[in-house]
Amino acid sequence: MRVLVVEDERLLADLIARWLRGEAHAVDVAYDGDAALERLGVNDYDVVVLDRDLPVVHGDDVCRALVDSGAETRVLMLTAAAEIGDRVAGLSLGADDYLPKPFAFAELAARVLALGRRARPAAPPVLARAGITLDLPRREVYRNGRYVALSRKEFATLAELMRADGAVVSAEHLLEKVWDEHADPFTAAVRVTILKLRRKLGDPPVVETVPGDGYVIR
């Protein structure tokens, strides 16, 4: 998934981003509300982890703007305030979930994953196609019963191809969902990752290239 972390405490923001990248998500970071709005206007995110008390533009205003835009992006709001009234206020702005500080990174990651499922058409936690079984929660892949060890980018790329359910997935879509905003749109990263996937998944090859369109698992 593509996730935006918006948190003005830079150390915390970077720790959240590092944890989520470890869960095979593509993560961008903004340290104030204005930067968050700029990124939301350019990129298509599945989930935004949004601190409520932000400088420049308040987190409440970022949430309102996102909801008013009609985007399907889900919002996990963070705040140091733990009172029920504060939680209700945050949810009334349009946030989908609310997590008070301090929190466990594992719980935050689980909530992000749950929200990400709601941001897209429903998909089962275990995907199966062409002899491949991909377990999203456990981040495990098997081909014909054989365990396949994949890097985070390889796993996320395969997940996007499996989610497509036989439809062609463009390189642009993979770059948008698997890599972050620092990825060069002209990079060979997608092609190289597909080549590594093919090698690790073994024969017969299952990831096909559709010239001019992208990649598909039939």
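Which residue in β7 is the bridge partner of Val126?

**View 1. The hairpin of β6 and β7 in the predicted model.** The bridge partner of Val126 in β7 is Asp135. Strand β6, residues 126-129, and strand β7, residues 132-135, pair in the antiparallel sense over four bridges, where pairing requires that DSSP find at least two bridges between the strands, and where helices (H or I, at least four residues) and strands (E, at least two) are DSSP runs numbered from the N terminus. Two residues lie between the strands of this hairpin, and Ala130 takes a positive phi near 55 degrees. This is a predicted model, in which local features need pLDDT of at least 70 and side-chain atom pairs count only at pLDDT 80 or more, whereas totals for chains, interfaces and linings use all residues. Residues are numbered from 1 along each chain as its sequence is written, and side-chain values use heavy atoms, with hydrogens and water left out.

**View 2. The open sheet of five strands.** The strand order is β2-β1-β3-β4-β5, and the pairing is parallel. Because β2 (26-30) and β5 (97-100) stand at the edges with a single partner strand each, one side of each is left without a neighbour in the sheet. From one strand to the next the twist averages 20 degrees, with axes taken as lines fitted to C-alpha atoms (for helices over the stretch in contact) and angles running from 0 to 180 degrees between N-to-C directions. Strand β4, residues 74-79, pairs with β5 in the parallel sense over four bridges, and Thr79 has Pro100 as its bridge partner in β5.

View 3. Leaving aside neighbours within four places in sequence, Val112 is in contact (heavy atoms within 4.5 Å) with Met1, Val3, Leu20, His25, Val47, Val49 and Leu76. The C-alpha atoms of Val112 and Asp97, which are 15 residues apart along the chain, are separated by 9.2 Å.

**View 4. The packing of helices α2 and α3.** Helix α2 (residues 33-42) packs against helix α3 (residues 59-68) at an angle of about 15 degrees, with the axes 9 Å apart. That makes the two helices, α2 and α3, roughly parallel, since angles under 35 degrees count as roughly parallel, over 145 as roughly antiparallel, 65 to 115 as roughly perpendicular and the rest as oblique. Gly33, Ala36, Leu37 and Leu40 in α2 meet Val62, Ala65 and Leu66 in α3.

**View 5. Two cis peptide bonds.** Lys101 and Pro102 are joined by a cis peptide bond with omega about -5 degrees, and Pro102 is placed in the loop between β5 and α5. Another cis peptide bond joins Asp203 and Pro204, with omega about -10 degrees, and Pro204 lies in the loop between α8 (189-201) and β10 (207-210).
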